[in-house]
Amino acid sequence: MRHYTGLDKIINSFDQALRSLVPGATSAQRTNPSSDEPSQLCVSDARHVAGLMRVNHSGEVCAQALYHGQALTAKLPHVREEMQQAAIEEQDHLAWCEDRLQELDSHTSVLNPIWYGLSYGMGAIAGIAGDKYSLGFVAETERQVSQHLQEHIQQLPAHDERSRKILVQMNEDELHHRETALNAGGVDLPVPVRITMTAISKLMTKTSYYL
Ligand SMILES: [Fe+2]
Ligand SMILES: [Fe+2]
């Protein structure tokens, strides 16, 4: 196995962060599930959908950071491959949300570097705390992301099949990621940690919608 020095790891971390934060730097491995039907949205609907997709995109930036932070510190000897597969699927989600935002003539959140930094730190700390907490952290994050996705699917204009198909596929993937983390031994996180995560995620959804 190749040995990486501390400097290698720092450079790699910067590379990963830039790929997650610079629009267009990540490409999806799977085809975008978005429907071929063009969605004709009025201006206010388009603005609302863009807000929702911006929040979902920020959520995916957090997911990238979580998996990157976790990879830095967690051992995960038995589930490294599954976690890497989940991280690849998160890249698809990131790219699909970016595509939809572009179609809606909108932009990704300017706050993404903050969300990336916070999630990276929490992922790395969870990894240091031990694999069962690290996997528990993944499971709880995926649960919260899935909850947002389901709320957003409800809020989409009825005829916006393009956004709906993306969010439905993402939700399916997130639930699978959660299951993988739990099956691999992820434990329930202490209540204060869960409360902090919910608070940060609320702050993220409230601000990324606009900014
Ligand atoms: Fe995701
Ligand atoms: Fe996920």
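Reply: The dialogue below takes up the metal site and then the nonpolar cores. This is a predicted model, in which local features need pLDDT of at least 70, side-chain atom pairs count only at pLDDT 80 or more, and totals for chains, interfaces and linings use all residues. Residues are numbered from 1 along each chain as its sequence is written, chains are lettered from A and ligands numbered from 1 in the order in which they are written, and side-chain values use heavy atoms, with hydrogens and water left out.

Me: Which residue coordinates both the iron ion (ligand 1) and the iron ion (ligand 2)?

Reply: E90 does so, and the two ions are 3.7 Å apart. Because E60 lies in helix α2 and E174 in helix α6, the pair ties together parts that are 114 residues apart in sequence. Helices (H or I, at least four residues) and strands (E, at least two) are DSSP runs, numbered from the N terminus.

Me: Are E60 and E174 buried or exposed?

Reply: Buried means under 20% relative accessible area, exposed over 50%, and partly exposed in between (1.4 Å probe, protein chains only). Both E60 and E174 are buried.

Me: How many residues does the largest nonpolar core have?

Reply: A nonpolar core is a set of buried Ala, Val, Leu, Ile, Met, Phe, Trp, Tyr and Cys residues joined through side-chain atoms within 4.5 Å. The largest has 17 residues, and M53 is among those with the most contacts inside it. Its largest share, 5 residues, comes from α2.

Methods. Donors are N, O and S atoms within 2.8 Å of the metal (3.2 Å for Na, K and Ca); water is not among the atoms, so sites may look incomplete.
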